[in-house]
Amino acid sequence: MRSINRIGVFTSGGDSPGMNAAIRAIMRKASVYDLHVYGIQRGYEGMIDGDIRRLEDDDVRNIIHHGGTFIRSARSQRFLQSEHRKTAFENLKAFDIDALVAIGGNGTFAGSLVFSKEFDMPTMGLPGTIDNDLYGTDFTIGFDTAVNTAVEAVDKIRDTADSHNRLFVIEVMGRNSGYIALHTAISSGASAFIIPEEPCSMEELADQVKKALRRKKLFGLIISAEGNHLGNGYVIQDGLKQYFPEQDIRVTVIGHLQRGGAPSAADRMLAARLGYAAVEGLMEGKKNVMAGIVHDKVVFTPFEECIKKDKKPAHDRIELARILGM
Ligand code: F6P
């Protein structure tokens, strides 16, 4: 087995609350093996530009509760080109980096897979995205915080929706995944929801809302996943107008609020366990896999599977949201 003395860590794609806690855990566990950890700034962009520096204990002091990522993040187009990947590898070699920890989502791991094959660079992935759309882990780092942020927002909207007897369409993030919307709908007691994994017509969505209103409710909260097939919050507002001509319908797009803020305790726990497992896994010779937690156990899933396989909300969870919303 190749010996590892220096690892490079980077965060890539959309940031997510808990990334800092994960880097802290990586640093602490790395110190057990006397490993040096290098922070690669702005993900693959910093790798290409050679924006790399040794991380010290001080860097991860007092950051467990901070959202964002102190080593920054980026979505890199350049890394898709082989000449830039070659430059990235030369930069890593200049720092004698023998292995990488990549914290991000699908796109991040797709890049890592190509890179590690081209240059034989052992890489460990950590699921860092609010979307919770990664196969190989029950939850991704940042998802719980994002849902908490969305629920807090919906609670506030509920007050004003109630006061004015209004319908609100509340759009949440998730790209092509409905996890944030579904968990937000259940936890905020929403009347209806629409997610990409469970397509429905405007009429069916209106029916969900009507059922909720029949319970003598004069207002309604509709959670809409940004990737749903009907369209964004404003399209849904327009579509629902024909079914509820008498009702005021308003739209709130929660947007990037969901990406920031202090990580929840659950996200800090997840980040701690996975950061620790990432270093342990690399030292055991694991490579090109993502560390995740499935049924409360750490598991390592090959990048190929994480990228190819879909993770969808369980059917019974969708049913739960529907029945409790009525
Ligand atoms: O993947 C995380 C995410 O926040 C998605 O939910 C959203 O679709 C996307 O990133 C937004 O990306 P950006 O911050 O680049 O606009």
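## Briefing

The largest nonpolar core holds 32 residues, and Ile7, Val9, Val101, Ile103 and Leu126 touch the most other members. The model behind this briefing is predicted.

**Nonpolar cores**

- A second, separate core has 29 residues. Val151, Ala190, Phe193 and Ile195 are among them.
- In soluble globular proteins, nonpolar side chains tend to be buried together.

**Contacts of Val9**

- Which residues does Val9 touch, not counting residues up to four places away in sequence? They are Ile23, Ile26, Val37, Tyr38, Gly39, Ile40, Leu55, Ile71, Val101 and Ile103.
- Two of these partners, Val101 and Ile103, are also listed with Val9 among the residues that touch the most other core members.

**Domains**

- The chain is divided into two parts: domain 1 covers 6-142 + 263-308, and domain 2 covers 146-260.
- The centres of domain 1 and domain 2 are 34 Å apart, taken over C-alpha atoms.
- Domain 1 puts 12 residues into the contact, and domain 2 puts in 12 residues.

**Ligand site**

- Around the ligand sit Arg75, Thr129, Ile130, Asp131, Met173, Gly174, Arg175, Glu226, His256 and Arg259.
- Gly174 places a polar backbone atom 3.0 Å from an oxygen atom of the ligand.
- Arg175 has a backbone N or O atom 3.5 Å from an oxygen atom of the ligand.
- Arg259 uses its side chain: a polar atom there lies 2.8 Å from an oxygen atom of the ligand.
- How much of the ligand's accessible area does the protein cover? On its own the ligand has 400 Å², and the protein covers 75% of that.

**Gly43**

- Gly43 lies in helix α2, which spans residues 43-49.
- Is Gly43 buried or exposed? Gly43 counts as buried because its relative accessibility is 0%, and the cut-off for buried is under 20%.
- Gly43 touches Phe10, Thr11, Ser12 and Arg72, not counting residues up to four places away in sequence.
- Gly43 and Ile103 are 60 residues apart along the chain, and 8.9 Å separate their C-alpha atoms.
- Ile103 is also one of the residues that touch the most other members of the largest core.

Note on methods: Residues are numbered from 1 along each chain as its sequence is written. This is a predicted model: local features need pLDDT of at least 70, side-chain atom pairs count only at pLDDT 80 or more; totals for chains, interfaces and linings use all residues. Side-chain values use heavy atoms; hydrogens and water are left out. A nonpolar core is a set of buried Ala, Val, Leu, Ile, Met, Phe, Trp, Tyr and Cys residues joined through side-chain atoms within 4.5 Å. Buried means under 20% relative accessible area, exposed over 50%, partly exposed in between (1.4 Å probe, protein chains only). Contact means heavy atoms within 4.5 Å. A residue is near a molecule or strand if one of its heavy atoms lies within 4 Å of it. A polar contact is a pair of N or O atoms within 3.5 Å; within protein, one must be able to donate a hydrogen and the other to accept it, and residues adjacent in sequence count only if both atoms are side-chain atoms. Accessible areas come from the Shrake-Rupley method with a 1.4 Å probe; for residues, only the protein chains shown count as cover. Domain bounds come from an automatic or database domain assignment. Helices (H or I, at least four residues) and strands (E, at least two) are DSSP runs, numbered from the N terminus.
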